[in-house]
Amino acid sequence: MAAPFTTYKLIVLYMISHSEREISNSQITDFILERGYTSYFHLQQAISELVEAKLLEKRTVLNTSYYSLTEEGKSVLSYLEAELSSDIRKEILAHLKAQGNKEQERILTPADCYETSHGNYAVRCQLVEKGTTLIDLNLIAPNSEAAKSICRHWPKKSQSIYEIIMEELL
């Protein structure tokens, strides 16, 4: 059996690895604190150490931290997953399934590109939080490749672009 602090880290890694999308700090925290596995401060320390060890990648959107597994994180989990009890693994999977069915993702960053009637390539990028559109940006790209690149980069750059626009306008 793994030491308690290692168990918290494994729970986080396992939870993220079995989530269909990036998972927020609050989703991880809610799961662990509801079950009394550890305190908020120990959990945040464990998550911080996972990020520092490059087992997790952290992305912040509008003051919400989201985590995804790195390749190294996947590798470490594959070696240590058996250290996590089958009861905890089942509990995590049941929780993720329940959350997926009842809660939509809080932050959405859709981006779509298309050819206009004038032969240009347009890109529509949005930032949506809890069903409210914060920004709806339409751009003309110089070519198809540029339009596709904008779509690929929008999810990671949307927050900083939004912040720059707001700063300039306020």
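E57 is partly exposed, with a relative accessible area of 36%; the class covers values between buried (under 20%) and exposed (over 50%), computed with a 1.4 Å probe on protein chains only. The model is a predicted one, in which local features need pLDDT of at least 70 and side-chain atom pairs count only at pLDDT 80 or more, while totals for chains, interfaces and linings use all residues. Residues are numbered from 1 along each chain as its sequence is written, and side-chain values use heavy atoms, with hydrogens and water left out.

**Salt bridges**

E57 forms a salt bridge with K156, where the term stands for a side-chain nitrogen of Lys or Arg within 4 Å of a carboxyl oxygen of Asp or Glu. This pair links distant parts of the chain: E57 is in strand β2 (residues 56-61) and K156 in helix α6 (residues 144-169), 99 residues apart. Helices (H or I, at least four residues) and strands (E, at least two) are DSSP runs, numbered from the N terminus. K156 counts as exposed, at 57% relative accessibility.

The search of the whole structure finds six salt bridges. Three of them are listed here with the distance between the closest N and O atoms.

| Salt bridge | Closest N and O atoms |
|---|---|
| E91 with R35 | 2.7 Å |
| K156 with E57 | 3.2 Å |
| D136 with R124 | 2.5 Å |

D136 and R124 form one of these bridges. D136 lies in strand β7 (residues 132-141) and R124 in strand β6 (residues 121-129), so the pair ties together parts that are 12 residues apart in sequence. D136 is partly exposed, with a relative accessible area of 36%, and R124 is partly exposed with a value of 36%.

E91 and R35 form another. Because E91 lies in helix α5 (residues 86-102) and R35 in the loop between α2 (25-34) and α3 (40-52), the pair ties together parts that are 56 residues apart in sequence. E91 is partly exposed, at 29% relative accessible area, and R35 is partly exposed at 28%. Both residues belong to a network of salt bridges that links E34, R35 and E91.

L33, Y40 and F41 make a nonpolar surface patch of about 340 Å². Patches are made of residues with over 30% relative accessible area and no salt bridge; like charges are joined within 9 Å, and nonpolar side chains (Val, Leu, Ile, Met, Phe, Trp, Tyr) within 5 Å. Accessible areas come from the Shrake-Rupley method with a 1.4 Å probe, and for residues only the protein chains shown count as cover. α2 is followed by G36, whose phi is positive, near 70°.

**Y114**

Y114 is found in strand β5 (residues 111-115) and counts as partly exposed at 39% relative accessibility. Leaving aside neighbours within four places in sequence, Y114 is in contact (heavy atoms within 4.5 Å) with N120, Y121, A122 and N138. The C-alpha atoms of Y114 and H95 are separated by 38 Å, the two residues being 19 residues apart along the chain.
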